[in-house]
Amino acid sequence: MNVLIIEDENLTAKRLEGMLTKYDPAIRVLAQLPSVADTVAWLSQPDAPALDLVFMDIHLEDDIGFRIFEQTNLQTPVIFTTAYDEYMVQAFKVNSIDYLLKPINYTELVAAIEKFKALKEQFNSGSTPARNPDLDTLLQLLGPARQTAYKDRFMITVGTKIRSIDTADIAYFYLEERIVFLVTQDNLTLPVDYSLDKLAQLLDPRRFFRVSRQFMVSLPAIQTIYQFSAGKLKLDLLLPRPHTERNAAQVFVSGDRMTDFKEWLGK
Amino acid sequence: MEQKDNERVPLKTELAFIQAYRFLLNIRFGNKFDVVIDVSEAVQQRYSIAPLTLQLLVENAVKHNRMSAKEPLQVHIFVVGNCLVVQNNRQLRPQSETSTGVGLQNIINRYALLTSSPVHIEENKETFVVQIPLI
């Protein structure tokens, strides 16, 4: 890697050179230039050597380092090394990789060079990287859960036994005396440990709909829909055996849910 | 160095401090910068000065001027009459930010509390001169 050190204080430049050698003895410091004028002259040479990276101090002998960008077409990535933090914003406007405050800390220097290498590889690969891990994480945090696994099974404790009920077998849920029950297509009624609100979150909304405060019905279970009165619908649910007395409660679609219900049916 | 604004220090003390400061600046800048002190021992013993006056003036010179091996910056400290003169060759840096002048104003104010003789500032294209009344 060919490197240029633009620094007006000799000792500082030597210290930086020492650190670079420690990091990678293969790094070649092509020159140490103490002023804007000297740097412009060096960069303007017709046979100017190829540069990979530039370390630039801002307060130079004759002017501030940014003048170099005004007077040449320096495209090489730059790591700024300076005692002044007030130029940080300006550094962003030119090809800055990093901004290190003096006295330069070796660990920070290494981090800056690693950053340069990572960026270089990214740009050299030609196209934009297929995966940008940071962006993916951000999208995951912000966006809706894409692959929600809807609840496909209920494990219900009955006495000492645990029964497994497939959601596909559930005709509807209802609320009675503050307990929620599921009713299967075999007309098996079992209590569940979720509120109807919670179930609405867990279940596939294409299959289940909360028609009223007490009932959540599945689409396949609806046999007939009656217009009960203006603004109220009555549902007959498809069950192999008729309802018992207990859960013979008629299922109505409440007025406020009518529009959503029809929309749901339409899907 | 904790000094109140209305205090004064012997000139000898201040100059000793400047020598130490000069030592550090030489390490930093090498042959690009120097401070030359031309004050007799007798004068050093006899007079006082507001503390850190000289340090501020030297610092200002470094801050505002270019310096290189080809164009070294030099601060010259000497005595004229009963004034201490601090003079440097002018090689202004073409920075966009202009000096606020707070440092110089601070010196002027402090001396106004100590003596009726004013601080003189003279500048032309080549040199910058500050004359400080010796107390």
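Predicted model: local features only at pLDDT ≥ 70, side-chain atom pairs only at ≥ 80, totals over all residues.
Helices (H or I, at least four residues) and strands (E, at least two) are DSSP runs here, numbered from the N terminus. With that settled, I looked up chain B and found four helices and seven strands. From the N terminus on, I read their order as β-α-β-α-β-α-β-β-α-β-β.

Residues are numbered from 1 along each chain as its sequence is written, and chains are lettered from A and ligands numbered from 1 in the order in which they are written.

**Chain B overall.** I looked up burial next, with C-beta atoms placed from the backbone: a residue is buried if 20 or more other C-beta atoms lie within 10 Å of its own, exposed if 12 or fewer, and partly exposed in between. Of the 135 residues of chain B, 25% count as buried. For contacts (C-beta atoms, placed from the backbone, within 7 Å), I took those in chain B with a separation of 6 or more: 72% of them join residues 24 or more positions apart.

**Helix H1(B).** I checked the length of residues 11-29 of chain B: at 1.5 Å a residue, these 19 residues should span 27 Å, and the end C-alpha atoms, 26 Å apart, agree with that. The expected span is 1.5 Å times one less than the number of residues. I found B:Leu11, B:Glu14, B:Ile18, B:Leu25 and B:Phe29 buried. They lie on the same side of H1(B), because their arc around the axis is only 55°; the arc is that of the directions from the helix axis to the C-beta atoms. They pack against E1 (9-10), E2 (33-38), H2 (41-46), E3 (48-49) and H3 of chain B. The face turned away from the buried side has exposed residues, B:Phe23 and B:Ile27 among them. Just after H1(B), I noted that B:Gly30 has a positive phi of about 60°.

**Helix H4(B).** Here I looked up B:Ile107, B:Arg110 and B:Tyr111, which are buried. Their arc of only 95° around the axis puts them on the same side of H4(B). Their cover includes helix H3 (53-64) and strand E7 (127-133) of chain B. On the other side of H4(B), I found B:Val102, B:Gln105, B:Asn109, B:Ala112 and B:Leu113 exposed.

**Chain A.** Last, I looked across to the partner: nine residues of chain B are in contact with nine residues of chain A.

Notes:
Contact = placed C-beta atoms within 7 Å.
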